Structures are given as C-alpha cells and as structure tokens.
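Hi,

Here is the structure we talked about. Please open it and read the notes below alongside it.

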Amino acid sequence: MKIKIIITLLILFIYKQGLCVLSEGNFGVRALSMGGAFTAVADDYSCPLWNPAGAGFLDKINIGVMVTNIPDIDLYQAGILYAQPTLKYGSFGLWLLDYRMDKINRYDINKKYLGDFFRNDLIAGVTYSKMYNNFISIG
C-alpha cells in the first residue's frame, strides 16, 4: 500500500513539473511582482499553481481571475484559480488556464517565409495539500 502511495505522489510531482513549464507561471499579481520568490510563500488564490503546499495554510476560500490581452504581440492569457481549505481533510485547489499567441512568423533555415502559426494551451489542474503543523504543509 505504501509503495502505491509513493508511486502516485511521484507521478503527480513529475506531472505537475511538466505543467509548470507549459503554464510559464504568469499568473497572480503578487506572484509576478515577487518573481520566483513567491513559490516559497505561496499563500493566496494562486498557490494551487505556484506551490500547492501553500494551500495548506489557507483559512478561507480564495478565488482569483486574471485576463491579459496584448494586441501588439497577439498574446492572450486568462485563467481562474480556486483554493478551498477544509478543517478536517486539508485543502483542495482547482485551476484552468488559457494561453494563446497568434501570428507567429515561421521561416525555414534559409530565412524563407513559410507562413504564420499559433500557440494555444488550455491547462487544467487539481491540487491537494495538508497542513501537519504551523510550519509544515505537504501538497
């Protein structure tokens, strides 16, 4: 039984690390202003994306919505994050992110224009964390 739990946690950890690369971590005003340092103190609505263990320290429901549209570079990103703490079972987080970038010019090795392409990522995630004491939360 313990080996199954360890394997499941390992798979979830590897899966989450892959999603972080895709999502590029561009979510949450506080997180963006702190740069990579926010991962260590993630304790608001964006913790399910930055550091799921941070949700273990939440004491109320947190919801965040963010939309960014930069027409000059045809970039659009939107997302919603939700963190739900419970007294008995730990904290749960849900997130849905949408990244789009249009009109990216494509060239071959000889710099011949091959047309435009786009990038579109729709990413959803579920996280869980549990606080064990005032200093340790695992997620």
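Which residues is Ser129 in contact with, leaving aside its neighbours within four places in sequence? They are Pro52, Ala53, Ala55, Gly56, Gly90, Ser91, Ser137, Ile138 and Gly139. Contact means heavy atoms within 4.5 Å.

Before the rest, two notes on the source. This is a predicted model: local features need pLDDT of at least 70, side-chain atom pairs count only at pLDDT 80 or more, and totals for chains, interfaces and linings use all residues. Residues are numbered from 1 along each chain as its sequence is written, and side-chain values use heavy atoms, with hydrogens and water left out.

**Ser129.** Ser129 sits in strand β4, residues 113-131. Strands are DSSP runs (E, at least two residues), numbered from the N terminus. Ser129 has a relative accessible area of 0%, so it is buried (under 20% relative accessible area; exposed is over 50%; 1.4 Å probe, protein chains only). A polar atom of its side chain lies 3.3 Å from the backbone oxygen of Pro52.

**Asp98.** Asp98 is part of strand β3, residues 90-107. Asp98 counts as buried because its relative accessibility is 13%. Its side chain makes a polar contact with the side chain of Arg100, at 2.6 Å. A polar contact is a pair of N or O atoms within 3.5 Å; within protein, one must be able to donate a hydrogen and the other to accept it, and residues adjacent in sequence count only if both atoms are side-chain atoms.

**Lys103.** Strand β3 also holds Lys103. Lys103 is exposed, at 60% relative accessibility. Beyond four places in sequence, Lys103 touches Asp74, Asp116 and Phe117.

Best wishes

Definitions and conventions:
Helix = DSSP H or I, 4+ residues; strand = E, 2+ residues; numbered from the N terminus.
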